[in-house]
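Please read each point alongside the coordinates.

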Amino acid sequence: MPDHGDQLGVDINELYRTAHFLSDVQTDFTQAAVAVDEAFPPGSSGQWTTMAPAWDQLRLAIADLLANNAQTIGDTSDTLTAIAEQYVATDQAAAVQFLALAQSDPTEQGW
Amino acid sequence: MTVAFADDLMHLSDEIEQAAMNDWKTRVMMEYHDVNTGVPQATPWMNKDQISKQLGIHDAFQPWSLLPDPDAFQPVADKLSQAMGLLRVDADFSNPVDPSDQIGAARQEYQALVGHDPISNWSGATADNFRNKFLDHFKANTENQAILIAVLKAAADAQRAIWTNARHDITSIAQNALAAVRSGGYHPNPLVMGLTVLAGIASIAAVPFSGGGSLALGITAIGAAGSIASTGVGQDPVTLTGHSVPEIIKSMKSGIVTLQDSVTTACRKVEVSLLDNLVVVGLDAQQLFAMAKPTLATNDPGLIAGR
């Protein structure tokens, strides 16, 4: 039997917190992608820049991986949030419990 | 810094050239005199530019004045360190290819998602899919991407070392050649100069990826020697020798060619390392980096509140 009432509120809080931390991770990955993308080698110096194309290829491949993962993480976070909101709309008692937990310190809840 | 190095090197080049020109003029004048009377005779006329062209000293050093500025690689390394720091998924995170480079404690958002089940109250096929396809691989995927960034940073450090040492070595050749030329070119004992370009870079022991299972997948890299556990690359020294100024100049040019070879070899090592790593990123190893999108959806019957 699926949870309802206060326990459902606790369950919803799990989804909400997970979504919240995933959102923070998305920011981390996005910023990491930008940092890698901006790590291009110094300007051209003719015969001394034979490594530059290989460097650029690897740099861009890594930046793409990070950006794609940021997207995946962000989409996952958004979906979890939407699911949590949907459950909140279905159960008044769960909504009250969830709201109380959402406004409290996550570290006190073991996060 | 780059302008100062270029100016200093070409100034040394000018000094060598001037000393060599003086020696050349002296020898020509001694050659063109009457052996009986000692009276100087007409010497073949050459202007300064012609002499300079013939000596080829300026042309030998000029390309080296364009060496990249090593300090320009510091912002590159800083950006990559910043990126690694944003992926601190593990407690007391350190640079995967240089463990002495301590980056910091795990970030809270990662700590909240790894090491335990963040949706432990949920059951159903979708919840299980979320755990199996996404959460269970999240830490490994993140760690593996940090490894890639660390490898790129190591390559940046290697490039910085190459240009730092190349500048040192070409300057050393110029300074020693100038001293030899000013002493009249008499250098009975060979002056052996150790080159540092290849010794300044090193291959890094293979770094295994997380979650590679039985594939034992890993990645290798080139980094700066001395800061990481690595295997250095040996290199033959340059020998400056001769009994005359022309012989010294010839020996100097030979030394510059040797240095050029070592720079080319060092750059090629870094380039090959980067390309090899690019292959790893593009292969089936993609599964070690790319996070699978969980099949979550609103109104999903496979996501059940409660266990």
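This is a predicted model: local features need pLDDT of at least 70, side-chain atom pairs count only at pLDDT 80 or more; totals for chains, interfaces and linings use all residues.

The points below take up chain A and then the pocket in chain B.

1. Fold of chain A. The secondary structure of chain A consists of three helices and zero strands. Read from the N terminus, its elements follow the order α-α-α.

2. Overall dimensions of chain A. The C-alpha trace spans about 70 × 25 × 20 Å along its principal axes. The radius of gyration of chain A is 21 Å, whereas a compact globule of 111 residues would have one near 13 Å.

3. Packing and surface of chain A. Of the 111 residues in chain A, 46% are buried. When contacts between residues at least 6 apart in sequence are considered, 81% of them join residues at least 24 apart.

4. The largest pocket. Its space comes to about 160 Å³. Which elements of chain B each supply at least two residues of the lining? They are strand E1 (93-95) and helix H6 (125-182).

5. Composition of the lining. The residues lining the largest pocket include B:Asp90, B:Asp92 and B:Glu143, and also among them are B:Phe93, B:Ile147 and B:Pro208. B:Ser94 and B:Ser210 belong to the lining as well. By class, the lining residues comprise five nonpolar, two polar and three charged.

Key: Residues are numbered from 1 along each chain as its sequence is written. Chains are lettered from A and ligands numbered from 1 in the order in which they are written. Side-chain values use heavy atoms; hydrogens and water are left out. On a 1 Å grid over the protein atoms alone, a cavity is a set of points where a 1.4 Å probe fits but cannot get out, and a pocket is an open set with protein on both sides within 12 Å along at least five of seven lines; lining residues have an atom within 4 Å of a point. Grid points are joined across faces, edges and corners, and a volume is the space filled by probe spheres set on the points. Helices (H or I, at least four residues) and strands (E, at least two) are DSSP runs, numbered from the N terminus. Ala, Val, Leu, Ile, Met, Phe, Trp, Tyr, Cys and Pro count as nonpolar, Asp, Glu, Lys and Arg as charged, and the others, Gly among them, as polar. The radius of gyration is taken over C-alpha atoms; the globule rule is 2.2 Å times the number of residues to the power 0.38. Buried means under 20% relative accessible area, exposed over 50%, partly exposed in between (1.4 Å probe, protein chains only). Contact means heavy atoms within 4.5 Å.
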